[in-house]
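User: I am new to this structure and would like to learn how to read its features one at a time. Could you take me through them carefully?

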Amino acid sequence: MYLANRWYAAALSAEIGAQPFARKICERDIVLFRTESGRLAALEDRCAHRHAPLSLGAVKGEAIAVFCVLRPGESDSPELRASIAAEVTRALGKALRPGVVAVVPALPKTRSGKVMRRVVRAAYLGLDPGDLSALDDPLTLEAIRALRT
C-alpha cells in the first residue's frame, strides 16, 4: 500500500535527459524526460492511442503548430498570426502556445470532409504520411511540405 498525493523521488537529475526514462513508482509505470527547454516531464508509460510503452519511443519535439485556412476576403499578416497564437494561448493556456502559425490554402481532407491530422503532421515533419487512399486532394500537402524549407 502506498500513500496517495505524496512526493516520491523518481530519479537523480543527471539520470533524466531528452530520451524517455522508465521507472515504476507505487506500482505505476511512468516515463520521465526533459523537454527541449530543459523542463522535467512525467507521463504514464503508456500511449493512450496504441497502449504501447512510451519509454520505447523517442522524443521528437514538442512545439504545437497551427495550420489555418483564411476566410474569403481575409489576408495573411504577422498581426493575424500573432492574434491566432494569442487566442490559442488564452483558450488553452501558456503551455499550449503555438510555436508556428501557418496559413495554407487548404487542409488535407478525406472525401467525407474530415481533416487528416496525421497527414498534416507527417507532411510538416517530413515523415511518411502512410496510406493516402482516402485523401481527397493530394495537392494540399505541397503547401504544408513547402513550410519546412
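Analyst: In helix α1, the residues Ala85, Val88 and Thr89 are buried, where buried means under 20% relative accessible area, exposed means over 50%, and partly exposed lies in between, with a 1.4 Å probe and protein chains only. Helices (H or I, at least four residues) and strands (E, at least two) are DSSP runs, numbered from the N terminus. Seen down the axis of α1, the buried residues fall within an arc of 100°, so they line one face of the helix; the arc is that of the directions from the helix axis to the C-beta atoms. On the other side of α1, Glu79, Arg90 and Ala91 are exposed.

User: Before we go on, what kind of model is this, and how are residues numbered?

Analyst: This is a predicted model, in which local features need pLDDT of at least 70 and side-chain atom pairs count only at pLDDT 80 or more, while totals for chains, interfaces and linings use all residues. Residues are numbered from 1 along each chain as its sequence is written, and side-chain values use heavy atoms, with hydrogens and water left out.

User: What span should helix α1 have, and what do its end C-alpha atoms show?

Analyst: The expected span of a helix is 1.5 Å times one less than its number of residues. For the 15 residues of α1 (residues 78-92) this should give 21 Å, and the end C-alpha atoms are 21 Å apart, which agrees. The helix is followed by Gly93, whose phi is positive, near 110°.

User: Against which strands do the buried residues of α1 pack?

Analyst: They pack against β4 and β5 (98-103), and contact here means heavy atoms within 4.5 Å. Leaving aside neighbours within four places in sequence, Val88 is in contact with Val66, Gly93, Leu96 and Pro98. Thr89, which counts as buried at 15% relative accessibility, touches Lys94, Arg97 and Pro98 when residues up to four places away in sequence are not counted.

User: How is a pair of aromatic rings described, and how many does a search find here?

Analyst: A pair of aromatic rings is described by the distance of the centres and the angle of the planes. Rings of Phe, Tyr and Trp (its six-membered ring) pair if their centres lie within 6.5 Å, and planes under 30 degrees apart count as stacked, over 60 as edge-to-face and the rest as tilted. A search of the whole structure finds one aromatic pair: Phe67 and Tyr124, edge-to-face, at 5.2 Å centre to centre and with 75° between the planes. Phe67 lies in strand β4 (residues 64-68) and Tyr124 in helix α2 (residues 117-125), so the pair ties together parts that are 57 residues apart in sequence.

User: Are these two residues buried or exposed?

Analyst: Phe67 counts as buried, at 15% relative accessibility, whereas Tyr124, at 22%, counts as partly exposed.

User: What is the order of the strands in the open sheet, and which are the edge strands?

Analyst: Two strands pair if DSSP finds at least two bridges between them. The open sheet of three strands has the order β1-β2-β3, with antiparallel pairing, and its edge strands are β1 (21-25) and β3 (40-44), each pairing on one side only. Five bridges join strand β2 (residues 28-34) to β3, and the bridge partner of Phe33 in β3 is Ala41.

User: Where is Thr140, and what does this residue contact?

Analyst: Thr140 is in helix α3 (residues 140-146) and is buried, with a relative accessible area of 8%. Apart from neighbours within four places in sequence, Thr140 is in contact with Ala106, Leu107 and Pro108.
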